[in-house]
Amino acid sequence: MLSSSEIARRDEFRSFAAAEVAPRAAASDRAGALDDDLVAKLAGSGYLGAAIPREHRGPGMDDVTYGLLCEELGAGCSSVRSLVTVQNMVAATIARWGTAAQRDRWLPALASGDSVAAFCLTEPETGSDAGAVRTVFEDGGDDWVVTGRKLWVTFARRAGVFLVVGRAGGGPVAALVPREAAGLSLRPVDGQLGLRAAELAEVVLDRCRVPKANTLARPGFGFSHVASSALDHGRYSVAWGCVGIARACLDASAAYASERFQFGAPLRDHQLVRRMLADMQVATDAARLMCVEAGRLRTAGDPRSIEATAAAKYFASTILPGVTNDAVQVHGANGVDPEYAVERHFRDAKIMQIIEGTDQIHQLNLAEIALRGAP
């Protein structure tokens with residue numbers, strides 16, 4: 001399934017996550033923010049801007065290698081994986097749709113970690129129906145005058161640039177908005193169910209002036225090209241992150257079942273516990289195989305990669321609640337103790353069913369794909 005070089009990179013990522021990510025995860029969850037030192041280490045290792053092309057000072061990871069990174073970071077801390085996801089969502093979108101000047105300005109800064117990116121799509125009245133955004137881009141000569149509210153923006157509190165999707169007279173539009181832009185403000189969001197260290201905020205744009213030179217693609221293509229491209233990248237990363245959470249729960253449960261004794265025998269010897277471990281193993285392996293297949297298609301530039309990515313995200317996010325539930329059950333009362341990682345994984349699993357397209361939206365889209373082949 002994986003080449004020797006891919007296995008070597010996976011082991012590198014696993015060692016980094018074990019040494020730097022997992023030990024800080026509980027504290028980050030309680031604090032509602034990541035440690036600045038960890039973010040610096042992610043950048044210094046080339047992981048923060050993993051998918052940024054080499055010509056723009058990034059490591060230029062291929063899709064499967066990038067996916068393996070997301071799995072290992074997700075196993076350690078889903079909020080860390082979310083940072084890498086959104087950074088590369090925006091960077092990949094700039095690399096594909098940005099002008100030469102935009103690529104030269106933003107990609108090296110994102111690759112080095114000098115700047116963090118945020119993706120602004122969801123609004124108070126717009127979630128899954130992302131094409132119905134109401135943020136307005138008014139013509140202001142050389143500038144756009146942008147008014148709107150964006151909710152649940154991951155790492156907005158840390159971001160130096162925001163990719164904002166809205167509407168202009170010519171149709172959907174997307175533009176890069178620097179943090180220092182006049183009229184942009186943040187309202188921090190804390191205490192959500194999961195991804196508590198993802199530094200969420202509401203982004204308020206009050207007649208915010210943005211140079212038209214910051215527009216990604218031309219008006220009319222803001223959603224069909226720019227937002228769709230970013231979401232496809234995000235779904236791929238999240239799918240691998242789900243695999244990481246599942247594997248972490250499996251590993252933790254197998255270890256706990258080997259050490260914990262009940263009724264004179266280790267938990268691992270009880271048949272019902274073995275059933276849970278078996279189901280967790282199969283679900284995790286199956287989700288990983290779908291992610292690898294999507295990664296291979298993406299690397300090959302195969303148009304089927306979009307469908308494969310959506311299917312991988314859907315499957316991985318739907319098996320995850322069962323895996324995390326069984327992990328908590330194996331741990332018993334300790335499974336609801338924040339000192340045990342499975343408690344945090346259980347909460348984070350629900351978020352995975354919502355972000356980058358809800359499970360229900362993926363069901364509708366995947367059913368449509370199936371019906372295309374119906375006689």
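Are phenylalanine 16 and tyrosine 47 buried or exposed? I began with this point in what is a predicted model, and I found that phenylalanine 16 is buried and that tyrosine 47 is buried as well.

**Entry 1: aromatic pairs**

I looked up the aromatic pairs and noted five in the structure. Phenylalanine 16 and tyrosine 47 make an edge-to-face pair, with 5.0 Å centre to centre and 85° between the planes. I then located the two partners: phenylalanine 16 belongs to helix H1 (residues 4-31), while tyrosine 47 sits in the loop between helix H2 (36-44) and helix H3 (63-76). The two are 31 residues apart, and the pair thus links distant parts of the chain. I also recorded that Phe13, Phe16 and Tyr47 form one aromatic cluster.

Next I examined tyrosine 236 and tryptophan 240, an edge-to-face pair with 6.4 Å centre to centre and 80° between the planes. Both residues lie in helix H6 (residues 222-259), four residues apart, about one turn of the helix. Tyrosine 236 and tryptophan 240 are each buried.

**Entry 2: charges over rings**

I searched for charged side chains above ring faces. Arginine 298 lies over the face of tyrosine 236, at 4.6 Å from the ring centre. Lysine 212 lies over the face of tryptophan 144, at 5.1 Å from the ring centre.

**Entry 3: helix H1**

I checked the span of H1 against expectation. At 1.5 Å a residue, its 28 residues should span 40 Å, and the end C-alpha atoms are 39 Å apart, so the two values agree. After H1 comes glycine 32, with a positive phi near 75°.

**Entry 4: nonpolar cores**

I turned to the largest nonpolar core, which has 67 residues. The residues with the most contacts inside this core are Val21, Leu42, Leu69, Leu73, Val80, Leu83 and Met352. At least two core residues come from each of H1, H2, H3, H4, H6, H7, helix H8 (305-331) and H9. H6 gives the most, with twelve residues.

Conventions: Residues numbered from 1 in each chain as written. Predicted model: local features only at pLDDT ≥ 70, side-chain atom pairs only at ≥ 80, totals over all residues. Heavy atoms only, no water. Phe/Tyr/Trp six-rings, centres within 6.5 Å; stacked < 30°, edge-to-face > 60°. Buried < 20%, exposed > 50% of the residue type's maximum accessible area, 1.4 Å probe, protein only. Lys NZ or Arg CZ within 6 Å of the ring centre and 35° of its normal. Expected span 1.5 Å × (residues − 1). Core = buried A, V, L, I, M, F, W, Y, C linked by side-chain atoms within 4.5 Å.
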